[in-house]
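Keep the model open as you read.

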Amino acid sequence: MSDHQHHIKWFRDSSPYINAHRNKTFVLYLGGDAMESANLSNIISDIALLNSLGVRLVLVHGAVPQIDRQLEGLSKSWEMLDGKRITTPELLKDITETIAGVKANIEARLSMGLVNSPMHGSSINVISGNFVKAKPIGIVNGKDFHNTGSTRRINRDAIRQQLDNGAIVLISPLGYSPSGEIFNLDSISLAADVSIALTAEKLIYFSSEGGIRDQDGNVISELQTDHAAAMSMNPSEEQLFSLTCRACHSGVNRCHIVSYAEDGALLEELFTRDGSGTQITRVSYEQIRKATPEDVPGIIELIAPLEEQGMLVKRSRELIEAEIDQFTVIERDGLIVCCGALNVFEAKGELACLATHPDYRNDNRAEQLLSSIESRARKLSLSSLFVLTTHSAHWFVEHGFIEGEMSELPDSRKSLYNYQRNSKYFRKPL
Ligand SMILES: CC(C)(COP(=O)(O)OP(=O)(O)OC[C@H]1O[C@@H](n2cnc3c(N)ncnc32)[C@H](O)[C@@H]1OP(=O)(O)O)[C@@H](O)C(=O)NCCC(=O)NCCS
């Protein structure tokens with residue numbers, strides 16, 4: 001494929017994501033270390049691009065290395081406790097000034113519109129303000145944290161108003177108390193607090209690791225919130241994972257950890273099927289998984305009425321038992337609510353026995369199952385999927401299948417074809 005064709009394909013493949021992300025709220029976290037990355041200008045352009053695509057963006061920034069440097073430069077020392085800097089009144093002015101400097105740097109970069117830059121023509125309003133109410137951490141184990149605080153409340157209505165106007169809301173790690181005091185906040189937790197307050201669609205952390213890694217050092221592309229126990233993580237992974245779990249359990253749809261050092265990691269995560277970093281989602285009480293022999297009765301219960309109505313071809317219990325490994329199911333509280341099978345014939349996959357329980361239809365379950373079977377088929381290096389259907393032709397056409405000639409059926413499948421059913425043949429290249 002030429003470069004030109006590759007770009008067109010990429011653009012077309014990304015269009016469903018563009019539609020899905022429009023008008024959704026994403027909270028992005030850029031730590032102080034990301035602010036010093038050589039890739040920062042690309043990240044900023046990508047943020048501007050998301051804004052122009054109609055994504056509602058809240059950007060929470062940190063400033064830890066910048067504050068460290070500032071205090072060291074002034075020969076001022078500080079104490080850390082439980083991973084938090086104790087903000088004494090003597091340090092507060094230097095800390096607030098440094099944070100203000102980092103914030104101004106982000107605002108300036110988002111204001112760029114140079115002709116020869118990717119930000120040409122972008123006109124972005126960046127708004128910041130007193131969106132975060134804070135409270136003191138207080139005295140812990142006899143140690144006074146002074147002006148180190150934690151989130152008390154996020155003014156979600158004020159933030160939403162700005163997002164409605166198309167602005168990017170920029171939030172610094174400072175909060176204010178009703179008595180007018182300033183508190184230095186942990187920016188990583190603040191990002192999670194903001195995403196929860198806004199019930200954001202996504203909370204996205206930029207990290208140096210680019211995601212959570214397995215024992216071999218490879219980024220794990222998808223994790224569910226119940227995976228923590230089974231994994232050994234380094235402290236920074238553990239911190240991000242626990243915050244993303246908290247966000248997922250408090251209404252945020254998905255969380256992501258992506259690299260700040262790798263050019264395009266954010267766009268790859270948001271606009272491609274496999275992504276670049278780690279996506280974290282809540283364990284749902286519905287599970288999509290490969291079927292096991294224990295699922296045979298549930299599958300039979302699901303498909304028997306459809307076999308009676310002639311929508312599905314009849315299968316004996318013995319056949320289902322023998323082919324159980326080819327089935328994928330969606331289970332909800334022990335009930336099989338959707339199933340489908342992948343049968344392989346000469347490098348082509350047949351999607352068979354696709355069914356959703358009548359009480360659970362029209363909620364994209366069959367679509368999810370199809371996409372899971374497509375990824376199983378890709379892993380087996382199959383070139384295409386095909387289906388024989390009597391009642392659901394339109395559903396398959398709406399999911400990318402094209403009607404074909406019966407002569408295209410693999411020979412080994414032709415011999416099993418039931419001419420009485422007069423099913424139509426549809427195929428989908430993978
Ligand atoms: C086809 C079937 C699997 C879809 O299950 P589902 O979980 O409801 O599917 P999804 O939620 O992903 O898709 C629902 C959409 O498809 C549409 N749809 C469902 N069946 C359809 C059909 N036969 N033809 C055209 N569109 C259909 C629904 O109206 C809905 O669209 P909408 O949201 O625009 O109204 C389910 O209807 C079923 O079990 N049918 C009987 C068995 C069957 O025919 N299986 C195919 C055998 S090859």
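Val344 has Gly349 in E20 as its bridge partner. This is a predicted model, in which local features need pLDDT of at least 70, side-chain atom pairs count only at pLDDT 80 or more, and totals for chains, interfaces and linings use all residues. Residues are numbered from 1 along each chain as its sequence is written.

Strand E19 (residues 335–345) pairs with E20 in the antiparallel sense over 7 bridges; pairing requires at least two DSSP bridges between two strands, and strands (E, at least two residues) and helices (H or I, at least four) are DSSP runs numbered from the N terminus. The two strands make a hairpin with 2 residues between them, and Glu346 in the turn has a positive phi of about 50 degrees. With E21, E20 pairs in the parallel sense over 3 bridges, and Lys348 has Ser384 in E21 as its bridge partner.

Is E20 enclosed or open? Because 9 of its 9 residues are buried, E20 is largely enclosed by the rest of the structure. Buried here means that 20 or more other C-beta atoms, placed from the backbone, lie within 10 Å of a residue's own.

Now follow E20 to the ligand. Strand E20 (348–356), helix H12 (365–379), strand E21 (384–389) and helix H13 (393–398) each supply at least two residues of the shell around the ligand. Among the 20 residues around the ligand, Thr356, Arg361, Ala366, Glu367 and His394 come nearest, where near means a C-beta atom, placed from the backbone, within 6 Å.

Definitions and conventions: Buried ≥ 20, exposed ≤ 12 C-beta atoms within 10 Å, placed from the backbone.
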